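Please walk through this chain with the model open beside the text. Begin with the whole, then take the parts in turn.

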Amino acid sequence: MFNFVNRKKRIVQIVLLLAVLPFMFWGVQSYRSDGQEGYVAIVDGEEIPRREFEQALRDHQARLRAMFGGNFDSAMLDSYEVRDSVLERLIQQRLLFREAISNGFTVLDSQLVNEISQIPEFHLDNKFSKKQYESFLRNEGLSPVTFESRVRQELLLRQLLDGYSEYGFVSDAVANKVIYLSEVQREISQAQIKPEDYMSQIEPAEDEIKAYYDEHQSEFFLPERVRVAYLVLSLKSLAENEPVSDEAVQTYYDEHQIEFGQPEERRASHILIAAAATAEEGEKQLAREKAENILEQVLQDPERFAELAEEYSDDPGSSSRGGDLGFFGRGVMVKAFEDEIFQMQPDEIRGLVETDFGFHIIQLTEVKEAKTADLADVKEQIEEKLKLQMASDIFGEAAEDFSNTVYEQSDSLSPAAEKFELKIQETDWINRNSNEPSVLADPSMMNAIFSDEAIVDKRNTEAIEVMPDTLVSARVLEHRQATAQSLSVVYDEIVERLKLQLSEKRAVAEGRALLADLQDGTEDTVDWGEPKQVSYMQPSGLSQEVLRAVFQADVDSLPAYTGVENTQGGFSLIRISQVINPETLDQEKRKNFAEQLQQMRTQEEISAYLDGIRSRYDVTIRRDSY
């Protein structure tokens, strides 16, 4: 509806909030809310009503649905992040409106009339039509007064931000420099000074080991841990104890033959001469004649079918295999093609068969007859299915009974185990972050296991549903508080840590020393890797730190050397052997690049402006209200 905003694309792109102003949904009078329906935030003493926030959220959802269509996942909106972003836009809009008013901006009636008269939706015969205007607004559920208020407010904020969006400036010198830096390449070679090369040369002293242990004792604490026994009541475990008679299995088998049947499948080859369904008749005729010619060759010498398919078929997926399509059942191929195949005899050749893809020459090469699996082969499968059906009918009642049993007889899991024919399982030592066994890893289960009721009172935990149709109750067998491990226990681990730390320091020191020697003119005897060309636009796998070092290096004299500490703990030594200057950009590309820079700078300035506004006003958010 607001197509006139398209003429101000840059401002819309930079400040999307202008497209969804809250007072555009409710009018300026919504600012005067008495707060009876609650509020979500207060901006400089003025409330943002909850109803306004909820409307803005609904509009945000509608835009996402329109944008993503069938791919839209409504779960995307069930998060505080989305709600926070919507509320933040409402707050920014309030602040911008206050700024516009306080700075004396206004919209004349003549400006409003001129803006609305230019909106194409209100035109008939290329002229503004009041009748068309009123009809359009009525269909949108808007009155002229409401719409004009919205347009007036949008124009007001446009004035406020036009100074940034319309008059941003990037000098030619800056644009040229950025263009050059983005395009210039440097040819580099690298050598890595690795910590592992020094590990065998380093042996930490005893006092270093003791000092490390004293400074990092918290890292060597064993967390609070327990050993537990537990029972799992699941639909599957309940089903295992359900009896199923041979008669029931036979009955199910007889009544569900389709589940155990293998439908007929056929294997075929084809030669396709493509002709789209929308092609002109002349084009189709040429394709038909070509296919008829190939069919004649095939009928004369059927042994050449595969050879002719490789040579002439327009189906890239099968032509390389001599036209072979493999086995397929009904409902896989297009109907006309399938109808022919399932009427043919093995080795029979037919054509031409016309489909939306073109003209086909078909050869049936093999048939797999339909068959039904023997009862003996599927008996276990049927028994399992019947057991699950029977168990599902009683699982709700059994789950309630299980919960009551472990609660009422809380000093042991044995009564529940005997009643439901379950095996009591035991764990090794586990802590709150253990992932095994997986049925105990549920946060609610862990909280119950580590509760005073389970540890101090030695009671069974309640039956907790850790996944659908799966209940677990546990009992603590042993408990140990968090304890510090002695130095003797963690001695070897500390030695390895120190050796790695000291090796990293040694590698960096060696790297820096070697770099200094190379920069001072010492003979280059380094075993460099393969040279490669890099730029800011094509970093060729270099990290930002390495790339920055490459382009900050002085290249007045080549080769030049630089280096940085790397994320692996060593040192990356770099030789720059060549500077490859970019080709001169034509004026059109240079202009486009400068405009992009200007837009980027405008975005940064408006972002800074919005941050500045926010800091000058008192904003209170009621996070418990939305």
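What follows goes from the overall chain to its sheets and helix pairs.

This is a predicted model, in which local features need pLDDT of at least 70, side-chain atom pairs count only at pLDDT 80 or more, and totals for chains, interfaces and linings use all residues. Residues are numbered from 1 along each chain as its sequence is written, and side-chain values use heavy atoms, with hydrogens and water left out.

The chain holds 22 helices and 22 strands. Helices (H or I, at least four residues) and strands (E, at least two) are DSSP runs, numbered from the N terminus. Of the 626 residues in the chain, 39% are buried. Buried means under 20% relative accessible area, exposed over 50%, and partly exposed in between (1.4 Å probe, protein chains only). Among contacts between residues at least 6 apart in sequence, 72% join residues at least 24 apart. A contact has heavy atoms within 4.5 Å.

Start with strand 7, residues 225-234. Ten of its ten residues are buried. In a regular strand the side chains alternate between the two faces of the sheet. Here Arg225, Arg227, Ala229, Leu231 and Leu233 point one way, while Val226, Val228, Tyr230, Val232 and Ser234 point the other way. Which strands pair with strand 7? Strand 17 (residues 470-480) pairs with strand 7 in the antiparallel sense over ten bridges. Strand 14 (residues 425-426) is antiparallel to strand 7 too, over two bridges. Two bridges also join strand 7 to strand 15 (residues 430-431), again antiparallel. Two strands pair if DSSP finds at least two bridges between them. Leu231 has Ser473 of strand 17 as its bridge partner. Tyr230 stands opposite Gln425 in strand 14.

Move to an open sheet of four strands, in the order 10-9-12-11, with antiparallel pairing. Strand 10 (324-328) and strand 11 (349-355) are the edges, each pairing on one side only. The twist averages 35 degrees from one strand to the next. Axes are lines fitted to C-alpha atoms, for helices over the stretch in contact, and angles run from 0 to 180 degrees between N-to-C directions. Ten bridges join strand 9 (residues 265-274) to strand 12 (residues 358-368), in the antiparallel sense. Ser269 has Gln363 in strand 12 as its bridge partner.

Two helices pack on this sheet. Helix 12 lies across strand 9, strand 11 and strand 12, at about 165 degrees to strand 11. Helix 13 touches strand 9, strand 11 and strand 12, and its direction makes about 45 degrees with that of strand 9.

How do these helices meet each other? The axes of helix 12 (residues 281-300) and helix 13 (residues 305-312) come within 10 Å and cross at roughly 155 degrees. Helix 12 is therefore roughly antiparallel to helix 13. Angles under 35 degrees count as roughly parallel, over 145 as roughly antiparallel, 65 to 115 as roughly perpendicular and the rest as oblique. Lys290, Ile294, Gln297 and Val298 of helix 12 make the contact with Phe305, Leu308 and Tyr312 of helix 13. These residues divide into five nonpolar, one polar and one charged. Ala, Val, Leu, Ile, Met, Phe, Trp, Tyr, Cys and Pro count as nonpolar, Asp, Glu, Lys and Arg as charged, and the others, Gly among them, as polar.

Now take another helix pair. The axes of helix 11 (residues 246-255) and helix 16 (residues 375-408) come within 9 Å and cross at roughly 105 degrees. Helix 11 is therefore roughly perpendicular to helix 16. The residues of helix 11 that meet helix 16 include Val249, Tyr252 and Tyr253. Among those of helix 16 in the contact are Val378, Ile382 and Leu386. The contact divides into eight nonpolar, two polar and four charged residues.

End with a second open sheet of four strands, ordered 19-5-21-20 and antiparallel. Strand 19 (532-534) and strand 20 (560-565) are its edge strands. The twist averages 40 degrees from one strand to the next. Strand 5 (residues 185-193) runs antiparallel to strand 19 and is joined to it by three bridges. Ile188 stands opposite Lys532 in strand 19. Helix 20 (residues 487-519) lies across strand 5, strand 20 and strand 21 (571-580), at about 30 degrees to strand 21. In helix 21 (residues 544-552), Val546, Leu547, Ala549, Val550 and Phe551 are buried. Their cover includes strand 5, strand 19, strand 20 and strand 21.
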